[in-house]
Amino acid sequence: MLITELKSKETILSLIQGKVFIINCHGCKEIHFPEKEAEALEQELENVTGIFTTDYICNPENLKLRLERFADQIAEADTILVLSCGVGVQTVAEMFDDKRVCAACDTYALPGFQGVTPLEYDCKQCGECYLNLTGGICPLTACSKSLVNGQCGGAKNGKCEVDPNMECGWERIQRRLAQIGRLDVLKCPVQVRNYATDDEVK
């Protein structure tokens, strides 16, 4: 199981550029999701093209079908704001590789069942989420070494030196950031994680 906690309002507002479409995942029934806080946030945001609330957005085929009726609202949006665990954010980012996809929540681990995603990527549930800095691709799970400040330099032909069958996570991140015009993010090193936050939630 896991806990999702909304980032601060100031942080979320700083992520949004232009019009925003909100995907709100209530997720696995066993987890904690800040429903009331999410509803309050949604009412305060401006330039919202649409809001989609569902569960299990970590299943891409199911999500794609559910989002078909929102196609016009998504096309109108500049930013897709995802309220879910890290797996949900990565699922949406993979689906909309031409959009700015932002994580509105941080994710904290609890023992037990985790999601239903059929995809290979995962969420470390490590508290302060890096997905907004890495184009929706988690460096902790996409990189064999879980490097957070760029690749190690050992990749060869785009493949990881630890696992030759695995694509280098940081090369994926670089391509994604270039695609959405956010390479400027790579100029800012990731700050040391605030591990105290994890204890406060638990």
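The model is predicted: local features need pLDDT of at least 70, side-chain atom pairs count only at pLDDT 80 or more, and totals for chains, interfaces and linings use all residues. Residues are numbered from 1 along each chain as its sequence is written, and side-chain values use heavy atoms, with hydrogens and water left out.

The chain holds eight helices and seven strands. Helices (H or I, at least four residues) and strands (E, at least two) are DSSP runs, numbered from the N terminus. The chain has 202 residues, and 46% of them count as buried. Buried means under 20% relative accessible area, exposed means over 50%, and partly exposed lies in between (1.4 Å probe, protein chains only).

Four strands form an open sheet in the order β3-β2-β4-β5, with parallel pairing. Its edge strands are β3 and β5 (100-103), each of which pairs on one side only. From one strand to the next, the twist averages 20°. Two strands count as paired if DSSP finds at least two bridges between them. Strands of a sheet pair through backbone hydrogen bonds, either parallel or antiparallel.

Strand β2 has β3 as a parallel partner, over six bridges. Five bridges join β2 to β4 (residues 79-83), and these two strands also run parallel. I23 has F52 as its bridge partner in β3. Six of the six residues of β2 are buried, so this strand is largely enclosed by the rest of the structure. V20, I22 and N24 point one way from β2, while F21, I23 and C25 point the other way. Residues on both sides are buried.

Helix α3 packs on the sheet and touches β2 and β3. The direction of α3 makes about 135° with that of β3. For such angles, axes are lines fitted to C-alpha atoms, for helices over the stretch in contact, and angles run from 0 to 180 degrees between N-to-C directions. Within α3 (residues 60-67), the residues P60, L63 and L67 are buried. Seen down the axis of α3, they fall within an arc of 60°, so they line one face of the helix. The arc is that of the directions from the helix axis to the C-beta atoms. E61 and L65 are exposed, on the face of α3 turned away from its buried side. The cover over the buried residues of α3 includes β2 (20-25), β3 (48-54), α4 (71-76) and α5 (86-95).

T49 is part of strand β3. It counts as buried, at 15% relative accessibility. A polar atom of the T49 side chain lies 2.8 Å from the backbone oxygen of Q73. Apart from neighbours within four places in sequence, T49 is in contact with K19, V20, F21, Q73, E76 and A77.

E42 belongs to helix α2. This residue is also buried, with a relative accessible area of 13%. With neighbours within four places in sequence left aside, the contacts of E42 are I22, N24, I51 and L83. The C-alpha atoms of E42 and N24 are separated by 9.7 Å, and the two residues are 18 apart along the chain.

Backbone angles pick out two asparagines. Most residues other than glycine have a negative phi, and most peptide bonds are trans. N47 has a positive phi, near 55°. It sits in the loop between α2 (35-44) and β3. The phi of N157 is likewise positive, near 55°. N157 is found in the loop between α6 (139-142) and α7 (169-179). At 73% relative accessibility, N157 counts as exposed.

Key
Contact = heavy atoms within 4.5 Å. Polar contact = N/O pair within 3.5 Å; in protein donor to acceptor, adjacent residues only side chain to side chain.
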